[in-house]
Amino acid sequence: MLEMERDFDSKLRIQSSSSPSSSSHNNNGNVQRSKSFAFRAPQENFTIQDFELGKIYGVGSYSKVVRAKKKDTGIVYALKIMDKKFITKENKTAYVKLERIVLDQLDHPGIVRLFFTFQDNYSLYMALESCEGGELFDQITRKGRLSEDEARFYAAEVVDALEYIHAMGLIHRDIKPENLLFTADGHIKIADFGSVKPMQDSCITVLPNAASDDKACTFVGTAAYVPPEVLNSSPATFGNDLWALGCTLYQMLSGTSPFKDASEWLIFQRIIARDLRFPDYFSEEARDLIDHLLDTDPSRRPGAGRGGYAVLKNHPFFEGVDWKNLRGETPPKLVLETMAQSGDNDHDPGSPFNPTHIGDSSMTQNDGNVGVLSSAEATSHITRLASIDSFDSKWYWLNTFCFAHIVCLYICPFSAFLNKSDSLLCEISW
Ligand SMILES: Nc1ncnc2c1ncn2[C@@H]1O[C@H](COP(=O)(O)OP(=O)(O)OP(=O)(O)O)[C@@H](O)[C@H]1O
């Protein structure tokens, strides 16, 4: 176990030899930043015992997020817990590091803040701003569908945050209702930067060899929200997020994502064919905006073209939105989770998260499993994982769809994706 820890730490450690703020040119003439710098969110020496653990907020493909109150300060965080062994095995180290370093540099009210990180023998921990209002996905589920006023408010807050993310030269690549979280008072924040891609001219500092898939045909994101050009192996653009925004707005207004179908394969077929049908009750403005956001040409999506975000913000659907004072407005009322909806006690705010799930040496489970929920656990804790819209199987469907794509004679250098794990392991400290 110690050997495993040493190995993992060596992959996370920053290169002490890199000079501050230095930069060099690679073979292509592109600037490769190789700064060593102080993180805004410090690496602390805390342990999991410093926190009082509450309910599980959610389970992702390589993490679980738990409500955690720091015992000495009383401050509540959303603790994103990632199992080192699992991350290493799944070659996700570079993505985890990229999420950490990107979140560290983002500062916007519409983006979940990272406060500090720490680690133990088994797990990495990110202390995130706690979004007590839950996911947009759950609000849509509880309400059936949202009114246009509600959807307009939420979409505007997402547009505002996306404008900032894109201005920073980042593509989020996993915009969807599960990653749009509510503060206790009902404002939206974008979470989960585990699929983020910095563009060449990004003002975000990324260390050499951080997760970069420039050369590979990488499909990241979630099936129902992925744009057609990604399925056709085109490079990622800001338009990816705008397509996902269109899908999310459609889902807010209708209750389901626009290309929903019985399997991921069928979803992909519908996306490629742009098999898009609007319910009768959509207003002309909503229909027009979604229709344009779901343009097959990414550069024609409002927000992506020459006019920039002004085109998107001036769309008639957003008429009346006070873009300068979004966070000062009173948001729509959230529908709270009832005991009946929660389904089990682990979702009850009063019922604490079982600390034996966490991979600290003092908390290892009897069966030796550390840090990662088994599929049975995930199913029982998070029933929404069973539905297609929320079945976040990004790493599963990469394989499924690539196979199908090859059958359809699309060319996909997928092997590059599979082979890149080692070269992705840049060295940053946690
Ligand atoms: N700051 C937060 N406050 C409250 N809940 C959160 C927070 N961050 C994440 N969650 C919950 O935890 C879930 C999983 O988190 P996240 O999406 O970051 O994990 P992941 O492993 O990166 O997942 P994915 O499979 O989407 O990549 C979210 O969908 C959300 O429900």
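Does Arg 152 count as buried or exposed, and at what relative accessibility? I found that Arg 152 counts as buried, at 19% relative accessibility. Here buried means under 20% relative accessible area, exposed over 50%, and partly exposed in between, with a 1.4 Å probe and protein chains only.

I noted that this is a predicted model, in which local features need pLDDT of at least 70 and side-chain atom pairs count only at pLDDT 80 or more, while totals for chains, interfaces and linings use all residues. Residues are numbered from 1 along each chain as its sequence is written, and side-chain values use heavy atoms, with hydrogens and water left out.

I next looked up the partner of Arg 152. Its side chain meets that of Asp 149 in a salt bridge of 2.7 Å, N to O (a side-chain nitrogen of Lys or Arg within 4 Å of a carboxyl oxygen of Asp or Glu). Asp 149 is exposed, with a relative accessible area of 54%. Both residues lie in helix α5, residues 148–167 (helices are DSSP runs of H or I, at least four residues, and strands are runs of E, at least two, numbered from the N terminus).

I then turned to helix α3. Twelve of its 13 residues are buried, so α3 is largely enclosed by the rest of the structure.

Lastly, I recorded a salt bridge between Asp 192 and Lys 80, with closest N and O atoms 3.8 Å apart. This pair links distant parts of the chain, 112 residues apart. Lys 80, Glu 99 and Asp 192 are linked in a network of salt bridges.
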